[in-house]
Amino acid sequence: MQELNIVAKSSGDNLDSPRISTDSDELNLLGKVYIESYGCQMNFADSEVVTSILLDKGYGTTSNIHDADTILLNTCAIRDNAEQKIRHRLQSFKAIKSKKPKVVIGILGCMAERLKNQLLEEEKLVDLVAGPDAYRDLPNLLDQIENGQKAINVFLSKEETYGNIAPVRLHSNGVSAFVSIMRGCDNMCSFCVVPFTRGRERSRDLESILNECSDLFNKGYREITLLGQNVDSYRWLNPITNELVTFDKLIGYAAEINSDLRIRFSTSHPKDITNDVLHAMAKYPNICKNIHLPAQSGSNRILELMNRTYTREWYLERIDSIRSILGDRCGISHDIIAGFCSESDQDHQDTLNLLESVIFDFGYMFTYSERPGTPAAKKYKDDVQPDIKAKRLQEIIDLQRKHSGIRNKQMIGSIQRILVEGNSKKSSLHHYGKTDNYKVVVFEKGTEKIGSYVNVKITGCTTGTLLGELI
Ligand code: 5AD
Ligand code: SF4
């Protein structure tokens, strides 16, 4: 089939820079598809599923948007600016469509699910709208367009996990891959659109997860990140043995595939991360000691309005358990929202104070963006002024930067096992890789290969990166 391209663009979530996959050169029977992906890691993983489905049906793919018969945008709806970016991007397709009127333009993902028909009405350029659970239907939807109609499927499923679809790895460094273990979210945090765009929580069957992980290991991958909106609530009942597989068991099974396969996971919810999960992490050296634990706020009043279902004290107790079971070097990162409805200066101080109490390794920080239809949009006023939101966000970012520096400095002098992921972007004489606790380390190359493990002594750091020497 044809060359394949998915450009990944972050809307401020976990991935920052556009990534372009390499081209393949097989025959395409049904035309060439170009996909751009925005948003979170789940979206990037979904684009790999979409690619698999389309290649399987005989479509080709291209890295050149001007060469494409179909252009797909896999979109994010988490904040308004993510959607504005897509609207803007769509405008830039006008020129393509006027030169090539038959080109099909499709919107996939969370924005498709949120806006449904409205997208077809508002954006005349758009021919196809498909929500996150409708990707198996894409070939049919594309057929409908062939016949001169617009096409839409935004049905949310209670069962779809794409469990039997082998994702086509995109932008892969051949060392790290993402494996989706569950879809949807039942938590209903009041600010969040995800329960509406990704539907009910459902867990993928254990066997297909472990097969995918083993297959990746056999192909040379050495790091797998298990993905879900809320991984700790993974639950799957084995219909043959009647065993209830919970998340702590799942990570144990994944770790047992091979001790040279690193297992990571994201995202955890403070109410669900149990000591069983922490003990499983402690038991297996190849389950990486790093936890992404969104706090969202340090104020109990705001946490309640957010419907996070835990208190600041509960959150801090979870941090204590992480540190007592896994030790001080376990990496911990957070998400924080600045300027949620009615947030006072005191609430904001409580958030800064939470950061001071934990000293996180890293954080993703945002200003509150009201999402239509969410409980917060229905019940509360978005009444913190934009300049105050921005000022509070900056204070949170500045404090986090200081804390990241403190945590990085604590690593200096230690010896770390690093999985080598590639050449340093700045110097061909250097490799880079990650520590167990998810810090990037750059070091002068020796004879090691990409995908191997090396021991490195940490000798220094910049704001975001550790520097080291092979030992
Ligand atoms: N406004 C700002 N940030 C949000 N997030 C989710 N919804 C919103 C919103 N409406 C943030 C949360 C979540 C992360 C993925 O995005 O911090 O953990
Ligand atoms: Fe959104 Fe909360 Fe679910 Fe995360 S846990 S996806 S913030 S509703």
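Predicted model: local features only at pLDDT ≥ 70, side-chain atom pairs only at ≥ 80, totals over all residues.

Student: How many of the 17 residues of α1 are buried?

Tutor: Helices are DSSP runs of H or I with at least four residues, and strands are E runs of at least two, numbered from the N terminus. Buried means under 20% relative accessible area, exposed over 50%, partly exposed in between (1.4 Å probe, protein chains only). Helix α1 covers residues 41-57. It is mostly covered, and its buried residues number 15.

Student: Why do the buried residues of α13 line one face of the helix?

Tutor: In α13, the buried residues are Asp347, His348, Thr351, Leu352, Leu354, Leu355 and Val358. Take the directions from the helix axis to the C-beta atoms. Seen down the axis of α13, the buried residues line one face because they fall within an arc of 150°.

Student: Which residues on the other side of α13 are exposed?

Tutor: The buried residues of α13 pack against α11, α12, β16 and α15; contact here means heavy atoms within 4.5 Å. On the other side, the exposed residues are Asp345 and Gln346.

Student: Is Leu419 buried or exposed?

Tutor: Leu419 is found in strand β18, residues 415-423. Beyond its neighbours within four places in sequence, it is in contact with residues including Val175, Arg222 and Ser452. With a relative accessible area of 0%, Leu419 is buried.

Student: What kind of pair do Phe340 and Tyr368 form?

Tutor: Rings of Phe, Tyr and Trp (its six-membered ring) pair if their centres lie within 6.5 Å; planes under 30 degrees apart count as stacked, over 60 as edge-to-face and the rest as tilted. By this rule, Tyr135 and Tyr162 are stacked, at 6.0 Å and 15°. For Phe340 and Tyr368 the centres are 4.9 Å apart and the planes at 75°, so the pair is edge-to-face.

Student: Where does the charged end of Arg79 sit?

Tutor: A charge sits over a ring if NZ of Lys or CZ of Arg is within 6 Å of the ring centre and within 35 degrees of the ring normal. Arg79 has its charged end 3.7 Å from the centre of a ring, that of Phe366.

Key:
Residues numbered from 1 in each chain as written. Chains lettered and ligands numbered in written order. Heavy atoms only, no water. Expected span 1.5 Å × (residues − 1).
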